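Q: I would like to learn how to read a few features of a protein model. Could we work through them one at a time?

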Amino acid sequence: MEKMKMETPDITARNIEKIAEMFPNCITEDIGGDGKPRKAINFEILRQMLSDEVIEGDEAYEFTWVGKKAAMVEANKPIRKTLRPCKEESVDWDNTENLYIEGDNLQVLKLLQESYMGKVKMIYIDPPYNTGNDFVYRDDFKQSKEEYEEEQGVYDDESNRLFKNTDTNGRFHSDWCSMIYSRLLLARNLLADDGVIFVSIDNNEVQNLTSICNEIYGEKNQIGLIIVKSNPRGSMSTEELASLHEYLLVFCKNRQAINIIGHALSEDMNNEYKYEDSIGNYRLLGLRMRGGFWRRSDRPNLYFPIYINPNNGEVSIEKNEEYSDYAIPVQPSTMEDGTWRWSKEKISEMSGVLIAKKIKRNDEYVWDVFQKDYYEREGGRRTKAKSIWEESEINYQNGTSEIKKLLGSTSFFDYSKPTYLIYHAMEMIQMNDNDIVLDFFSGSATTAHAVMQLNAEDGGNRKFIMVQIPEETDEKSEAYKAGYKNICEIGKERIRRAAKKIAEENSDAKFDGGFRVFKLDDTNMKDVYYGAGEYSQLTIDQFVSNIKEDRTDMDLLFGCLLDWGVTISQKHSMEEIDGCHVHTYGNGAITDLMACFDENIPESVIKYIAKKEPMRVVFRDSSFADSPAKINVTEIFKMLSPDTEVKVI
Ligand SMILES: C[S@@+](CC[C@H](N)C(=O)[O-])C[C@H]1O[C@@H](n2cnc3c(N)ncnc32)[C@H](O)[C@@H]1O
């Protein structure tokens with residue numbers, strides 16, 4: 001039930017609404033006297049709308065909104081967080097190179113910056129569309145909890161940052177823009193030079209999203225806006241038009257570096273290659289120019305006869321006894337003279353791939369010339385990806401039924417994409433072994449499913465990184481009753497079951513169906529940055545160790561990897577040497593990192609590690625009794641492994 005306002009109406013707001021009705025382009029969002037965002041009038045545009053002369057003023061080609069600068073600051077602000085490994089919830093921890101990360105993606109993207117900079121080949125995201133019903137996580141734009149509360153009335157139990165973004169919010173679009181802007185800024189750093197990002201979106205924010213991507217990735221790096229026919233029967237959610245589609249916006253990091261290979265041919269396309277000669281199968285492409293400058297008057301030098309050997313259809317530019325018949329380019333419906341696609345020189349050079357055939361033109365059989373377009377090509381025959389995707393597999397209902405088949409109920413997750421959508425996007429990019437696919441709005445983990453499916457089918461070895469906030473499921477929901485307390489539980493179970501199903505359906509296929517789970521948490525380190533006056537005996541005692549008591553060796557190891565810019569999906573082993581736990585980390589011939597976090601590490605262990613000559617070594621600061629002990633460690637490494645970088649935490 002709506003609450004009574006118990007206050008007089010806001011006349012200014014009413015006036016603004018009246019102007020908005022007449023001049024919607026004059027409406028903007030700004031910050032009011034109380035420091036809060038509100039709907040406002042852009043007077044410069046209003047003056048222009050009421051004048052028939054150009055009014056002087058500052059004009060700039062830019063796209064901005066309330067909070068854009070704050071979103072930039074937020075993206076760049078350091079955080080004191082870490083990712084804690086969770087072996088119990090992982091699958092095949094020791095061998096897998098896939099990751100499932102639980103936490104707010106803004107913070108997770110920050111933590112991945114060093115380790116994954118320039119390493120991600122493809123990003124797919126399906127963010128909240130800002131439909132007016134979405135729950136959005138607002139980042140800490142310096143607003144207090146009380147301010148959120150007062151402004152939104154809705155917040156979640158865990159972080160107090162979840163709110164329902166309805167169009168009555170004074171900065172309905174601005175909030176969404178800020179949310180996506182900071183994340184896309186950070187995501188760009190992770191993309192490889194030849195990397196591509198796909199973003200699912202609908203009408204609500206497609207324009208703002210495109211403007212933001214143009215700014216972050218550069219207009220020249222826009223590959224296109226694909227129309228995805230996701231709902232052939234039409235959605236009822238729009239009032240006047242039944243919406244049949246949504247979009248997939250595609251950008252790349254560097255257009256010069258990408259390798260977009262398009263899609264395999266459909267069955268119909270394959271059937272076109274029905275002719276065969278000693279080289280192989282081919283289809284026929286007419287040599288007459290269609291469309292564009294096709295008239296003889298447009299390109300007179302491309303109008304000439306091609307001579308034909310009537311016995312075998314071979315062609316020549318020269319007329320002689322053998323080549324006695326001829327063809328000329330004629331537009332069949334108007335009988336106007338046309339042009340060939342190739343010059344005389346090219347035809348002479350390439351005559352081996354040309355063939356003449358008799359065709360029926362106005363009840364008469366005449367010669368025409370065709371190019372043999374062979375099927376075999378390096379890397380297989382492919383066709384350019386299309387700007388409209390309307391295959392039946394792309395229907396949104398397939399997403400729902402996949403969840404039902406795998407998890408047993410359709411209602412566990414509402415907006416899962418069909419696996420085919422992401423599979424199809426992945427297929428159009430040339431990928432190599434170990435290329436990483438990232439989805440930081442992963443929901444029910446459809447992207448992970450698509451990666452495993454395609455790997456199983458084409459023998460590829462792509463890796464996935466899923467990021468999902470542990471958004472709680474409603475206590476009354478089917479998902480909650482089935483034991484899924486948050487969306488991450490649904491995502492992880494979907495990957496487990498999808499891997500099993502793919503393995504059953506592709507018994508010979510080898511693919512990585514495991515994943516390592518990490519959970520976002522506060523830093524492993526205690527806050528030691530106290531002002532001098534703030535120390536008490538108690539705090540000094542606490543700081544004998546600068547590491548939080550509940551943190552394990554594994555927490556510390558993975559914290560160090562992220563800090564040092566090492567990827568977190570490599571092999572790890574632990575051995576006991578003279579009573580100490582020695583960790584070895586890395587996939588390559590040279591060990592990436594070795595660590596020992598025990599107290600009072602004996603010299604024998606230091607020497608054992610140094611002799612392995614790893615690239616990096618890390619100990620606890622408190623592992624050494626005093627400064628001479630630390631100097632001794634430095635000396636041992638100088639002697640046995642001078643190139644190793646040694647650090648303490
Ligand atoms: C539209 S759904 C994605 C659905 C997914 N493509 C699928 O097929 O299942 C968007 C997801 O992003 C998650 N999300 C929203 N804000 C997030 C944030 N700040 N960090 C991580 N995940 C977030 C939501 O919980 C939701 O699961």
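Q: In which loop does D92 lie?
A: This is a predicted model. D92 lies in the loop that runs between β3 (81–85) and β4 (99–102). Its backbone has a positive phi of about 55 degrees, although D92 is not a glycine.

Q: Is D92 buried, partly exposed or exposed?
A: Residues under 20% relative accessible area are called buried and those over 50% exposed. D92 has 42% relative accessibility, so it counts as partly exposed.

Q: Where does A445 lie, and is A445 buried or exposed?
A: A445 sits in the loop between β21 (436–439) and α12 (446–458). Its relative accessibility is 0%, so A445 counts as buried. A445 also has a positive phi, about 65 degrees, and is not a glycine.

Q: How should I read a nonpolar core, and which residues touch the most other members of the largest one?
A: In soluble globular proteins, nonpolar side chains tend to be buried together. Here the largest nonpolar core has 63 residues, and L184 and I568 touch the most other members. Helix α6 (residues 172–190) gives the most to this core, nine residues. Domain 2 (79–262 + 387–520) and domain 4 (536–648) both give residues to this core, so it lies between them. There is also a second, separate core of 48 residues, which includes W389, I394, F464 and I495.

Q: Which residues is I568 in contact with, leaving aside its neighbours within four places in sequence?
A: With those neighbours set aside, I568 is in contact with L83, L99, Y116, R516, F518, F558, L561, L562 and Y585.

Q: How do I describe two packed helices, and at what angle do the axes of α10 and α14 cross?
A: Two packed helices are described by the angle between their axes and the distance between the axes. The axes of α10 (residues 396–407) and α14 (residues 487–505) come within 10 Å and cross at roughly 80 degrees. That makes α10 roughly perpendicular to α14. On the α10 side E402, I403, L406 and L407 take part, and they meet I490, E493, R494, R497, A498 and K501 in α14. By class, this contact has five nonpolar, no polar and five charged residues.

Q: Which strand holds Y307, and is Y307 buried or exposed?
A: Y307 is in strand β14 (residues 306–308). At 16% relative accessibility, Y307 counts as buried. Leaving aside neighbours within four places in sequence, its contacts include E314, V315, Y323 and Y326.

Technical notes:
Residues numbered from 1 in each chain as written. Predicted model: local features only at pLDDT ≥ 70, side-chain atom pairs only at ≥ 80, totals over all residues. Heavy atoms only, no water. Core = buried A, V, L, I, M, F, W, Y, C linked by side-chain atoms within 4.5 Å. Buried < 20%, exposed > 50% of the residue type's maximum accessible area, 1.4 Å probe, protein only. Helix = DSSP H or I, 4+ residues; strand = E, 2+ residues; numbered from the N terminus. Domains from an automatic or database assignment. Contact = heavy atoms within 4.5 Å. Axes fitted to C-alpha atoms, helices over the stretch in contact; angles between N-to-C directions. Parallel < 35°, antiparallel > 145°, perpendicular 65-115°, else oblique. Nonpolar A, V, L, I, M, F, W, Y, C, P; charged D, E, K, R; others polar.
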